[in-house]
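This briefing is intended for a reader who is meeting the structure below for the first time. Please view the sequence and the model together before reading on.

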4 protein chains.
Amino acid sequence: MTQFKSVLERCGFKTAEFTEGSLTVRSPIDGSILAQLQETPVDSMQAVINRSHAAFLTWRMVPAPVRGELVRLWGEELRAAKQDIGHIVSMEVGKIVEEGLGEVQEGVDICEFALGLSRQLHGKTIASERPGHRIMEQFHPLGPVAVITAFNFPSAVFAWNAALALVCGDPVIFKPSEKAPLSGLATFKALERAIAKFGDRAPEGLAQIVVGLTPLAEALVESPKIPLVSATGSTRMGRIVGPKVASRFGKRILELGGNNAMIVTPAADLDMAVRAVLFGAVGTAGQRCTSLRRVIVHRSVKDALLERVQKAYGNLRIGNPLTPGNLVGPLIDEGAFTAMQKSLETAQAEGGKLLRGGKRVLEKEYPKGFFVEPAIVDMPSQTAIVKHETFAPLLYVLTYDDLEEAIELNNDVPQGLSSCIFSTNMQEVELFISQAGSDCGMANVNIGPNGAEIGGAFGGEKETGGDRESGSDAWKQYMRRTTNTINFSKELPLAQGINFG
Amino acid sequence: MTQFKSVLERCGFKTAEFTEGSLTVRSPIDGSILAQLQETPVDSMQAVINRSHAAFLTWRMVPAPVRGELVRLWGEELRAAKQDIGHIVSMEVGKIVEEGLGEVQEGVDICEFALGLSRQLHGKTIASERPGHRIMEQFHPLGPVAVITAFNFPSAVFAWNAALALVCGDPVIFKPSEKAPLSGLATFKALERAIAKFGDRAPEGLAQIVVGLTPLAEALVESPKIPLVSATGSTRMGRIVGPKVASRFGKRILELGGNNAMIVTPAADLDMAVRAVLFGAVGTAGQRCTSLRRVIVHRSVKDALLERVQKAYGNLRIGNPLTPGNLVGPLIDEGAFTAMQKSLETAQAEGGKLLRGGKRVLEKEYPKGFFVEPAIVDMPSQTAIVKHETFAPLLYVLTYDDLEEAIELNNDVPQGLSSCIFSTNMQEVELFISQAGSDCGMANVNIGPNGAEIGGAFGGEKETGGDRESGSDAWKQYMRRTTNTINFSKELPLAQGINFG
Amino acid sequence: MTQFKSVLERCGFKTAEFTEGSLTVRSPIDGSILAQLQETPVDSMQAVINRSHAAFLTWRMVPAPVRGELVRLWGEELRAAKQDIGHIVSMEVGKIVEEGLGEVQEGVDICEFALGLSRQLHGKTIASERPGHRIMEQFHPLGPVAVITAFNFPSAVFAWNAALALVCGDPVIFKPSEKAPLSGLATFKALERAIAKFGDRAPEGLAQIVVGLTPLAEALVESPKIPLVSATGSTRMGRIVGPKVASRFGKRILELGGNNAMIVTPAADLDMAVRAVLFGAVGTAGQRCTSLRRVIVHRSVKDALLERVQKAYGNLRIGNPLTPGNLVGPLIDEGAFTAMQKSLETAQAEGGKLLRGGKRVLEKEYPKGFFVEPAIVDMPSQTAIVKHETFAPLLYVLTYDDLEEAIELNNDVPQGLSSCIFSTNMQEVELFISQAGSDCGMANVNIGPNGAEIGGAFGGEKETGGDRESGSDAWKQYMRRTTNTINFSKELPLAQGINFG
Amino acid sequence: MTQFKSVLERCGFKTAEFTEGSLTVRSPIDGSILAQLQETPVDSMQAVINRSHAAFLTWRMVPAPVRGELVRLWGEELRAAKQDIGHIVSMEVGKIVEEGLGEVQEGVDICEFALGLSRQLHGKTIASERPGHRIMEQFHPLGPVAVITAFNFPSAVFAWNAALALVCGDPVIFKPSEKAPLSGLATFKALERAIAKFGDRAPEGLAQIVVGLTPLAEALVESPKIPLVSATGSTRMGRIVGPKVASRFGKRILELGGNNAMIVTPAADLDMAVRAVLFGAVGTAGQRCTSLRRVIVHRSVKDALLERVQKAYGNLRIGNPLTPGNLVGPLIDEGAFTAMQKSLETAQAEGGKLLRGGKRVLEKEYPKGFFVEPAIVDMPSQTAIVKHETFAPLLYVLTYDDLEEAIELNNDVPQGLSSCIFSTNMQEVELFISQAGSDCGMANVNIGPNGAEIGGAFGGEKETGGDRESGSDAWKQYMRRTTNTINFSKELPLAQGINFG
């Protein structure tokens, strides 16, 4: 813990900050207390929001390429603090070191992407049908953006949203998960350092963080001064947030649950498929929104695949995520463990056959850490439990005979985040990514459903929320669009050739 | 009426269709019955939706450029029927002939635009950070689209939505306003003729129309099989529809109320401004969502402007919209008239001075037609009634001293649809369309707030709904986006340089 | 010939036009004289160009969507005249009926595409680094465009260029090949009819055609008043035109020779490959710039492929292209036949083995028609003659052992137009279209090198010219780009933070 | 000079490098020898080019976002060396310190822009007209790029080209002007340091510099292994390079002469105009390609403008560019001085009236430095000399009466690089940037013709070359485009509905 204190201090935490508060942060590894954080009072939220709005009026006037400079500085701070923030992520969420570092790298990547974007927030110039007229479309800053994140990507998801928001001219208010606020704070402090270097071109209140429980998020969701709410979490949460924001005519980016499948065809390279199953189903202890939850395998290669997968599972090292070589850390908390057990039971009740895993391990070393053997259940069909997202390393196996059937299974769940196919056959592959293929926001080929790069748009359809963040033109959601028709003639012709009076 | 019957028949109506139903359609001109339409039973809506879904499975597989051919044919049908449909619009909604024709022309325009789009539904190819990988983003058909429209654009708004939806691979279900179903039906029948020419590549159920009251719309809004609901109407309606669709993770395009202003600066060409005020405030009897509702005029030119505007108002010919030369037809119904009277009273109670208009006219000739003199009220400040959208030819005048103040007035209403400035000064003009300017979806220069071309994105911010239709990249809302990362190497590197196992 | 006269008349030719001139047009089918056309005097070229320039000054001011209407009308005329123009193409060039019709259809397609483009000639709005500044990029009309085409696509290539040029605001001057002027004239006359319907918004001289020999083309290439020369033809021609245009700082679109290959891998569907070989190598009697000239086949499937290809060649019906069922018409002239014979000799001298074909046939029926049996030559390596484009149905077969080698063969020719791979293996396919794959402008998968759709950019690299026409953003070449930095502040800050004085 | 030696050493020069060669580099300030550089032997050029080609084969396979990392590192090196490289630019070219620094800043800016681009080298996905087909367009690395630059932007122009080329996957060969090789070398050495940090992912030969005279450039221009030549310099040079590259079917980016005008209308803010004249005509001693060469002023404000301009000219401090406060440094060499004198004479012979300036000054202090008083000549009309680019601080004044006339004067020169208008009247401003306005590649409003930001496309029309570099989609020129039509069905339908056999 002394070491962890040093890490926090290097990340800019003052001792009082992590020792004198009412919010207890525990490590999922051993249940030890990592910090006692002060909570943001709910009744201060209006002031927080007002500060953000005031900052907006200044920040929107700062030219976008200058705003890009702030994000560049943030990227440098993240680069410099990569080891430390990665360590905090591991301690607080239980991710293995490599994944903790990878998460911070995503922040670095998005800052660089956003820096480039700062000169590319392109609208269109458009030819008018009227002489002496022209049309153009501009994208302008939108206003304060609330970023409400989940425990499983406590650093990267904030970076994704804030880098784009800041470049687009929007202040941010960050509400990290109460289960992983330290990682968020460390990422936020890197931004604060960048702001300090950036100097007085950044208005007070440009970036704010609020620490605490759901009521803080509710205040953000309900405020008419927050034109955009970006919320990552469960479908249950999205079903509440979506209508609330809609009822006040706000915009939202929802990144909710996934139920991500891999189709393995007879033409698959099974070795690659096995490795992708491993990283997909077991990485982050199955607690990514993009974790692999279903393998849909062709009957002819099922046995071969399962044999290899099980062998690979047998070699998995479960343990302290900070120890190099361990690939599976603990679940986030006891609730996660209980939910997994319940799903396992239901799955078996629905006809599933537990092929391996599911048991708690390392209970002696870590009586308060919920380490679990990744489980595989062979299902006779896609029953109710399979359509339900269990946030744990629990993989269902489904069997198919022809590809259309496999695609139907892939699509026949309420969620629509990610999916993939393993096949070397181009007809199979192209069908899967065609309009008749996967209905997910992401459909990959010969790589797993998880581990997206930041260059593409990230997000999914159906109960996943329908929105996108990160790359492509996701930045447009952080801006308001204005269509300008400009008449520089001395006439006043009407569109559609109308003659009025 | 005999003549009208011929028009309907030329548009493809069969006698029974418009004589034997429970829904009475009256002309706002004289209250005469135009038709008795059969209503779609609410309990048939599920079948309608199922047919649409079945059509989707076929239609999405038809290549987009082939789908474009259908829209081309529809454009030709609309072109051929322009006079007749325009006439129906005039009879049913009370628009003057020129505006009725202009509305059909919008349909022709959007069909041509959509035809071009059919080969330009461009996603992106994206460089991957990993060797032997590439990323691409495709846009695929989305599913059935419900198009729920208002009485004031009974033809064009359906055409806008349906032309894009059909090209994007989506079947449509059209629910026209119960106040103006004939125009919608006539437009729809043109589409049916196009489908007949297009032949059997169009699946049964590709385009359907349902006639009746709100419960039909509710069935569409609530169905999980309708991934996109495009609804045009009041903010009140949007406040209901938005959350309902959000709660089932559907998508929506909301085009709701506007409260559109014109800023007239000392550098304005007053002649042009006057003409734009006229078309903006009085055209369609003030019943466009983009109608001009507020003039924000600089104190130094206020008198000069008002003098000219009042003179122009004095020359307005009010009367039967089918008579050439008349510029102001009737309000849609008595409710509209009553609401206008109430707003006039409130405005005066709030300190406004009625400069002219507001009275009902032609009562003798048309005892059941609500013709009204367009009203102008000079307001001491932007009071509550001014922030409220009254769907009638009622124009408020506000006075300003410096441009920042005028822009603040422009923005200080709940709606955010359209706006404009009249000025020849480029610094004023550019400020108005800048990030510090109008917060509306449309901000025009030296043309009124209404009468958009179809090439730009149409729609507005805040209580207007936040969505866009028609031009630019509005088509993306009618498709689902899929991000594909494709690994064609024999390795399985992870993003962000992660090393797993 | 009476029938042909009727066709010409229906296409708008007056009798004097095709009977009283010095330019003799013969049919390659039987050498019969199709027309005697009047030639444009070289010394009138300056007047032609001046008229075009004058037309430009008017046409550029016509709004793009209005220009789109002209192209729409042209498309309708082409649609109406499809049978007749297709017939002329067959008579004049020797294409089979289906190909003649397909060529006209390309004209229809590009007109529709250009119609859509007329509202989508999008430049960009760009955020400036300076407060109170904005940047935008507009595309403006460029000026007169010379379109110089080859005999083999006497209708479509003009349509491709003219449809885009006209929508972009540019007048056109069309110089068809002296070997196929009738098809060009017929296509041009359809445009003239469209212009007549379009009315006086089209300036005199908007579209002009000049008939005759090379000096006419030279006048266009050398004129400083022609900012863009679009020339289709041989690499030899391009090597002259390119530098000439460059020396006067003009722009050019060169579509020159191709030497298009198909790679057939062990994972290919051989039936599909055979059919693609047939259409690719034999269609248009091998006289497309995209005709298949080389098959690069894996050693393991070579025999199987060649057996099927030879069988298919054996069933080819050679004969009058107007007779339904015939698939191979005559070569364009005796010169083409002689060149083919010479290439066959050289190929054999270089070690090639003539597998079949090469002989003249139907000499008795058509003593002046050069019908030839499509030839296949198996080459031991890619010798000099293989790297040379022979414009005839002469297919070389090359053998490979691993895919990298096949790609190297594909690329190791001076031309870079089109190419394709037949394989169901996605790793092979993706490699072929990757940066390490084909270096051609077009690289297709499981379709032949020829028969492009108009939605993509058409053209090739290296000696093919490097330019593009038709779809994607090829239209940008027909416009001039202007970057506008607009300062609407009252300050004058410099870029890069420079402080001057 | 000791100090300068330290600067060079800090920039990575070794003593031998700048003391032991045959190429003498002198400072235009005082004619002192700055360095003796070793020249690249002409007969080594083939080896240089071969190395570049070999590097290409490796570099193109490095994923673009990884290539972006190299450019990021280069940007950091430039940022760190900004003062030193800026100093070298001042010493070697005679720019004032602020401009030297600004030039390096452009390098930093373009590196950041290119970093963002590395994930945004977007091609398009395109819907096919055929079932089971899709089309996409990819941009792939092109090959070695030769960057031949002029003395006046010895650092930035290389950075512009190399940053884009490297991100696009192309090696670079840099040939700096023999008049300013040290600045180029210093910029190049920063790149070398970045490459060293980047490590072995960068192939040997990725970036090379060749030092010497024209024959080196010729070798690059003529080599078939250099697909893209980017050359900045005189129109005379472009007239040679363009055809040479065209004759071997290479691509080129030519940035040639400009003859940039400012229109000052009666609605101009004269204070701003005066400041823009000053920076435009006098900055860099009039030796920017975008320097202001012509003021086209409305008769009614001519006197007022000239009075202020002359007053401002009177306050200009001419002298050692390294001395803070000096705004005008020396001309590059005696030849430039002589050319200016000759133009002054001709201008007067053609009726011009020398208003002020033109004399050599500071001859005593700097007998070998050619400092000159910026000259203003009032011309009765746009005579031949005015249409000629004189690369010196020589400003012509032309008078106009109506704006169309002014625009005609603006356009009636052979060059087409940059232009601007000063006016607060939006009708004037918009006319100037419309299709009927300036025919230049850049048309600015209320800022001078020079000092572009890197976000827009930079370059000009007519004798300026017609190409673009820097922002917008200029990167496309550094890549090759490939159109891929992919058939994943089991059928082989042909485009345009053709039925073959």
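The points that follow are grouped by topic, from a whole chain to interfaces and single residues.

The model is predicted: local features need pLDDT of at least 70, side-chain atom pairs count only at pLDDT 80 or more, and totals for chains, interfaces and linings use all residues. Residues are numbered from 1 along each chain as its sequence is written, chains are lettered from A and ligands numbered from 1 in the order in which they are written, and side-chain values use heavy atoms, with hydrogens and water left out.

**Chain A as a whole**

- Chain A contains 15 helices and 23 strands; helices (H or I, at least four residues) and strands (E, at least two) are DSSP runs, numbered from the N terminus.
- Chain A is as compact as a globular protein of 501 residues, because its radius of gyration of 24 Å is close to the 23 Å from the globule rule. The radius is taken over C-alpha atoms, and the rule is 2.2 Å times the number of residues to the power 0.38.
- Along the principal axes, the C-alpha atoms of chain A fill a box of roughly 80 × 60 × 35 Å.
- Of the 501 residues in chain A, 71% are buried. Buried means under 20% relative accessible area, exposed over 50%, and partly exposed in between (1.4 Å probe, protein chains only).
- Taking the contacts in chain A between residues at least 6 apart in sequence, 73% join residues at least 24 apart; contact means heavy atoms within 4.5 Å.

**Surface and charge of chain A**

- The accessible surface of chain A is about 15000 Å², and carbon and sulfur atoms hold 52% of this surface. Accessible areas come from the Shrake-Rupley method with a 1.4 Å probe, and for residues only the protein chains shown count as cover.
- There are 51 positive and 56 negative side chains in chain A, and the centres of the two sets are 4 Å apart. Lys and Arg count as positive and Asp and Glu as negative, while His and the chain ends are not counted; each charge is placed at NZ of Lys, CZ of Arg, CG of Asp or CD of Glu.

**A helix in chain A**

- Helix α14 (residues 403-411) of chain A has buried residues L403(A), A406(A), I407(A), L409(A), N410(A) and N411(A).
- The buried residues of α14(A) pack against several elements of chain A, including the strands β10 (260-264), β11 (292-298) and β16 (394-400), as well as α15 (426-433).

**Interfaces between chains**

- Chain A places 93 residues in contact with 93 residues of chain B. Together the two chains bury about 7400 Å², with 55% of it on carbon and sulfur atoms; buried area is the accessible area (1.4 Å probe) that two parts lose on being put together, summed over both.
- On the chain A side, F249(A), E453(A) and F500(A) lose the most area to chain B, together 12% of what that side buries.
- Between chain D and chain C, 93 residues of the one are in contact with 93 of the other, and about 7400 Å² is buried, 55% of it on carbon and sulfur atoms.
- F249(D), E453(D) and F500(D) supply 12% of the area that chain D buries against chain C, more than any other three residues.

**Individual residues**

- S434(B) sits in the loop between α15 (426-433) and β19 (442-445) of chain B. With a relative accessible area of 4%, S434(B) is buried, and beyond residues up to four places away in sequence it touches H140(A), R480(A) and F488(C).
- E469(B) belongs to strand β22 (residues 469-470) of chain B and is buried at 1% relative accessibility.
- L213(A) lies in the loop between β7 (207-209) and α9 (214-222) of chain A and is partly exposed, at 41% relative accessibility. Not counting residues up to four places away in sequence, L213(A) touches L23(A), E39(A), K175(A) and E178(A).

**Backbone with positive phi**

- Most residues other than glycine have a negative phi.
- T284(B) is not a glycine, yet its phi is positive, near 55°. T284(B) is in the loop between α11 (270-282) and β11 (292-298) of chain B and is buried, with a relative accessible area of 5%.
- A285(C), also not a glycine, has a positive phi of about 50°. A285(C) is in the loop between α11 (270-282) and β11 (292-298) of chain C and is buried, with a relative accessible area of 3%.
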